[in-house]
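Subject: Structure handover

Hello,

Here is the structure we spoke about. My notes come after it.

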Amino acid sequence: NKNEIRIAHIHSKTGPLEAYAKQTQAGLMMGLAYATGGTMTVAGKKIVVIEKDDQGKPDVGKSLLAAAYADDKVDLAIGPTASPVALAMLPVAEEYRKILLVEPAVADSITGDKWNKYIFRTGRNSSQDAAANAVALDQPGNVIAMLANDNAFGRDGVKAAKDFTKKAKIVHEEYLPVGTTDFTAGLLRIVDKLKDQPGTKYISVGWSGAPTPFGKIAEMELEKRYGIKLATGGNILPAMVAYKNFPGMEGALYYYFGIPKNPVNDAMVAEHYKQFKAPPDFFTAGGFSAAMAVVTALKKTNGDTNTNKLIQTMEGMSFETPKGTMTFRKEDHQAMQSMYHFKIKADPAFAWGVPELVREIKPSDLDIPIRNKR
Amino acid sequence: MKLFNADFDWKPLGLVPALALLALPAVGSPSTWITLTVAGLAMGMIVFIIASGLTLVFGLMDVLNFGHGVFIALGAFVASTVLASMGAYTSADSLWLNLVALLPAMLVAMAVAGALGWVFERLIIRPVYGMHLKQILITMGGMIIGEELIKVIWGPGQIALPLPESLRGSFIFGDAAVEKYRLLAVLVGAAVFAAMVWTLNRTKVGLLVRAGVQDREMVESLGYRIRQLFIGVFVVGSALAGLGGVMWGLYQQTVLPQMGAQVNVLIFIVIIIGGLGSTLGALIGALLVGLMANYTGFLAPKVALFSNIALMVAILLWRPQGVYPVTNR
Amino acid sequence: MLSRLLSNDLPRSRWLVALLIVLFLGLAFAPFLFPGVKALNVAAKVLIFVALVASFDLLLGYTGIVSFAHTMFFGIGAYGIAIALNAAETPSWAAILVGVFGALVISLVLSLLIGLFSLRVKAIFFAMITLAVASAFLTLASQLSDITGGEDGLTFRVPELLSPGFTLTEEPLQTPLGEVDLNGRLITYYLIFLSVTAIFLIILRIVNSPFGRVLQAIRENDFRAEALGYRTVVYRTLSNVLSASFATLAGCLLALWLRYNGPDTSLSFEIMLDILLIVVIGGMGTLYGAFIGSVLFVIAQSYLQDLLRMAGEATSGLPLLPALLTPDRWLLWLGLLFVLSVYYFPTGIVGKLRERASLARMKGQP
Amino acid sequence: MLETQDLTVRFGGHVAVSAVSCAFAPGTLTAIVGPNGAGKTTYFNLISGQIKASAGRVLLGGSDISSLGAPARAQAGLGRAFQLTNLFPNLTVQENVRLAVQARARAGLNLWRIWSDRRDLLQRADEVLETVALADKRDALASSLPHGDQRKLEVGILMALEPQVFMFDEPTAGMSVDEVPVILNLIRKLKEDKSKTILLVEHKMDVVRELSDRIIVLHNGELVADGEPASVIASPVVQQAYLGINPEEKEEVAA
Amino acid sequence: MSDLLTLKGVHTHIGAYHILHGVDLTVPANQLTMLLGRNGAGKTTTLRTIMGLWQASQGSVTLDGQDITQRATPDIARSGVAYVPESMGIFSDLSVKENMLLAARGARSLDDIDTNRLEWIFGLFPAMKKFWLHPAGKLSGGQKQMLAVSRAIVEPRKLLLIDEPSKGLAPAIIQNMIAAFRELKAARTTILLVEQNFNFARQLGDSVAVMDDGRVVHSGSMAELASDEQLQSKLLGLSLGAHQ
Ligand SMILES: Nc1ncnc2c1ncn2[C@@H]1O[C@H](COP(=O)(O)OP(=O)(O)OP(=O)(O)O)[C@@H](O)[C@H]1O
Ligand SMILES: Nc1ncnc2c1ncn2[C@@H]1O[C@H](COP(=O)(O)OP(=O)(O)OP(=O)(O)O)[C@@H](O)[C@H]1O
Ligand SMILES: CC(C)C[C@H](N)C(=O)O
Ligand SMILES: [Mg+2]
Ligand SMILES: [Mg+2]
């Protein structure tokens, strides 16, 4: 049908990442509506979104993407939620010569060594996370122990963090499996390494998934006993409830609805409150950004969905998002974007620890390496 | 009391201190060792609470309930709702007020889990008594349904379940730290253990259920209404799982719809080590698992993933039917 | 002739015969009857499950051993192919052979160990040990990132002949039902089809051999079988090893089809449950049940979400129902399927059909 | 030639079989009697390898088979019918017997023959069913047989095994009066084939008296009498401990 | 003399099989009634139907004036019926003591069991005392049979249903059992006993019913049957000199 623009959104609608995926989808739909002024049409063509559920499984994601391109004849696809799924999907885009816009999977390798030219990403990558966190933490005299998931997400994160830590000293890396239930032992190992170090001591946590170590860190009263502070990035709101125990904690995050000041964000927050009676969360912004990217590109091509044309258009393209202006870098198609240096405040009006903006870290402030071998 | 009669087998009881002592030189620092040991024992107690209901159901009724986890998750979610509605009590800086909030949370969680247990028994377990394979399938089905319904009611994401104010933090002894909440867990676990041992050894209920598993018709022919009895056991088992869920949720400080599924393998390991149906065995299994997880987590985190399984295999090599074999099944 | 191919184990019910023929032909001509990428994926998955479930039924239905480690062997097969092809400079048939062979050897050793070590313990203990071993193996696979690709898994390429780029004709074949690409995927599909048919017939032969009968006897009463002079450990272990080997082959086929493998793809507990359920739906201890069960279950599972989407739209006005009928809650319905099939097919579909047939036969007699 | 030397088994503190030494010659039928719990079944279990002896040896044809497990002993020629019926409940009567025939033919490890092609085995199974008068029930499930028929099947399975040594544990218990002769005739036929060793545990004294060439008496696990049927039955230990009659009042020898 | 138990036209199906074809049976109170018949005649099925373990599809079972055809097994047991199944129904994982404790429905612990009665049982079956704390599954065949009977008589009951108690028992024990049933009868217990052992039956029975092919084909007094050898051979296939 030449009067439609068909987009597949493949995400983990069910499975452990369901909550993340829901946010992305909500953001995507709001973003499309916003970008098209509520018409859901670009250049007279109706935008049709086909949702597909990869269940968090790479093999499922892979066949869904193939089916989307071949059976549903979509013009481009957005997703997925988890990095392993994304990695499995990359070659399919290449086989079918269609665009896959990755959102929000994080791993560096997606725009790194596994990348091909059909891949774009609006989501942040591990390096952006790490670089931004380094801004908050990389001070002379700081001594850091890293605690991360023992998987691609965690290890890529730590690798990137080490690249960006120049002035502070990283004395220990602790990887714990996803699904760890008792963090006591791991934390004790960290304490052993940290407690006799001079300087300001930090545990820097890069953790995705539940349960999280934050509660345990609070219970063990590390700050009181050894002066060891916690540093970590952003997270979804339910996970940030534990941040309340750490007023004054600093770090860098990808998105928090109260931070960015721009019309797009204002519109999204307002619309989200209207639809869901709650503020948008971590991944809502990503979905919204992806929508903005797609519509901006389609407007430029005047509705033409020819893949090569789209690629040409999108390379180097800038577009507005709830996080301000993003730009797809030519070399690896990663969207360069702002990150936010924050400080936690325990505000009784909110169930979670509120991150207050210290400084917006502009894309130009960060030197994100290009990791693909183009 | 049967627990301590003359030919009582003391060896398995020695395992727990043996493991702890073995770990001391490996860990080195005594204060770290104390912290780890106390943490391990307390974790063991919580694991015991969540596994206790399954020992009953599994050991006494011979029902392989793979859906036990759903009662754990349910208990935790119910508690999160109850506690959220009593914010004033949980955030008050008084131990008593906190406990006043915690107690109803536990009771409501147990009641709701028990009630669901009743439904579960009627709809899911009843057609499959005596058929292990079908039990596995149908209870797994029940668990999936339960988990999905939890998602429908409470949403698919995690919900924070912060500890009441006065249970936060630790008691510090020199360099060792003992979290306050863990002490509470030990107390609750001990109470559950005592209540179970008493009921099973001092009343006829335990006997009846064991007999009923072997030959239902005969028990009925002796004039007992085995149906009611089984329902009762199942409801109690589910309620205990609910309680376990509350304890586990508070321990993690978050609740997740999948949390039941996450602990499934763990509690099965505990029960196998214990000997399928032995309360004391399950306690020992839980404590061993708790200690092992903490020691290996400290000494060699990679190995920690396999420590439970290695422990189970080692125990089964020593005692192929678990430390306290209850039945010949 | 056909009867011998089926080892004289005939379906014994007219309805069953009809069903089997329809499904078999459906699979044989699936690419042409149901054109489209998704349909072909479903058909291939069905085939792989037929082999996997049949191999499991050998263990569960015929020998009466409940093992949760079956997906472990499935995974070993899949990783064998994945690792071999990933390591190869250019994907070659030799690499595939190395992968299959290596996986078979590992499965053989592991299943032998598990069998000899733990088949002596009581049934429930065996089940639980295998559950633990399988979860340990899953952890191992997701930890050994350097070899297995960790949680991300491995994406790899297959030999030219099997890859989508290899086309037999320039243009897709036009059929009344749609267009069909005559490419490497189609060739792969038929490779799988032939392999699975062979595996199925071999297993059918095994269960109908004197050996197969002993397995059934052991399932019924192992103590008595020993008193007759059958060494049950030998028989059980052999059954375990055979079943593991066929599962490994099924795993190899899966990897070839997906051109990807990761821990969740072939090792997860969910797959184990699906297998169990299929065995029960189809009818334990009947390989035809494994076949029918796989077809029905995989199709149902693959299209459940689509079905729910339609149902959800149809009921969108009503209270509560839409919340339950969304595709997001498909697992709820899958769970219900578990429960209901245990309720209504206590002897499985094949058992049900055969009961009907034998009732009819009894009535037919004076 | 079957022989046990000082065969002993203890369960905890309880000695169930205590240093029993005894040899059984081919062509003879030895009845083993004794009160309930005397150790008769346990003695069988020790010989056929169902339980491990605490001490002592079992010799078959001169070689020591004490270290072999039950399957190996069965293959070596020790056959056994159980006191408490022990069948393959969900297989048909014919299949129950066929499994024994197949064990005898050592065909169990054949993975590739189609079993229904082994007509010889089937035929043999049917023959056996004829001899135990179960031919008309060959397609019934073993579990649906009435108790008495299950006992017959138990004997049939033993017959199909064609062992060197036959051990019958109360073969006629619970069998109706008109069926008993069928089994007794079978045993009698076995005796006529002079090469078989037959051991029989039985509480029905007239059966014992009529069939046996020799009686041994177990009491509290010990072998307390051994000899000619008539003299053993007349011995005081059998009269009092077993039959429960004082020498004076001999009127009704129960059952 | 009244009838404690009456079966009228009872039909029972097991699955697709029609087993009992209209059983008519009366069991007079305070007497011992023998139920005889060949293998497969339907004796066990009759007892199970009375006990409610199979449901009669037609006909009625009346106990002490009450219709119990549709009652659940526990309720039938509670109205004073004890049952010794053919397979003995021993709880093999429980000790002998625990088996007995369960059978004494009223007792919470052993102290509640009438010690005189217990001693009486020990006297009948000395093995019960000897193996009091042993797992019942480890008992010998005959000892299990004794336990099954002991359980049924641990407390006084109105009606005992006993399926082949003598099988596997040594002659001395059979004698004890005969004595026991006589005493029970004297204590106004009604007994319905299935037996293959005709000698045993002859010594004990007051009245007798013979089954064949799912029906009662003869009923009358035991004395009458015992003295009529022709009848015996017709009904039971019992010929002179038959082995017992
Ligand atoms: N579960 C069952 N399924 C099918 N048929 C059965 C079942 N149980 C019993 N029967 C059949 O019912 C009939 C009567 O059996 P029942 O056990 O009542 O006989 P019985 O008189 O007690 O025999 P016995 O003296 O051998 O114990 C038999 O023909 C038997 O095959
Ligand atoms: N596995 C076991 N564990 C403990 N005790 C046992 C075991 N097997 C048998 N016994 C005991 O050994 C004794 C002998 O039992 P056995 O079965 O050999 O007797 P039996 O002579 O066959 O008696 P019956 O005539 O009653 O069948 C019994 O007292 C029994 O309780
Ligand atoms: C933040 C989440 C989207 C991270 C996800 N688990 C990933 O691997 O990318
Ligand atoms: Mg015996
Ligand atoms: Mg009977």
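Predicted model: local features only at pLDDT ≥ 70, side-chain atom pairs only at ≥ 80, totals over all residues.

Residues are numbered from 1 along each chain as its sequence is written, chains are lettered from A and ligands numbered from 1 in the order in which they are written, and side-chain values use heavy atoms, leaving out hydrogens and water.

Metal sites

The magnesium ion (ligand 4) has Thr41(D), through OG1, and Gln83(D), through OE1, as its protein donors, at 1.8 to 2.2 Å. Donors here are N, O and S atoms within 2.8 Å of the metal (3.2 Å for Na, K and Ca); water is not among the atoms, so sites may look incomplete. Thr41(D) sits in helix α1 (residues 40-48) of chain D and Gln83(D) in the loop between β6 (78-80) and α3 (93-104) of chain D, 42 residues apart. Helices (H or I, at least four residues) and strands (E, at least two) are DSSP runs, numbered from the N terminus. Gln83(D) is buried at 14% relative accessible area, whereas Thr41(D) is partly exposed at 23%. Buried means under 20% relative accessible area, exposed over 50%, and partly exposed in between (1.4 Å probe, protein chains only).

In chain E, Thr44(E) (OG1) and Glu86(E) (OE) coordinate the magnesium ion (ligand 5) at 1.8 to 2.2 Å. Glu86(E) is buried, with a relative accessible area of 17%.

Strands in chain D

All of β7(D) is inside: 5 of the 5 residues of this strand (165-169) are buried, so the rest of the structure largely encloses it. Val165(D), Met167(D) and Asp169(D) point one way from β7(D), and Phe166(D) and Phe168(D) the other. β7(D) runs parallel to β6(D), joined by 3 bridges, and parallel to β8(D) (residues 197-201), joined by 5 bridges. Two strands pair if DSSP finds at least two bridges between them. Val165(D) has Thr197(D) in β8(D) as its bridge partner.

Sheet in chain A

Four strands of chain A form an open, parallel sheet in the order β8-β7-β9-β10. Its edge strands, β8 (169-176) and β10 (228-232), each pair on one side only. β9(A) (residues 200-206) and β10(A) pair over 5 parallel bridges, with Val205(A) partnered by Thr232(A).

Regards
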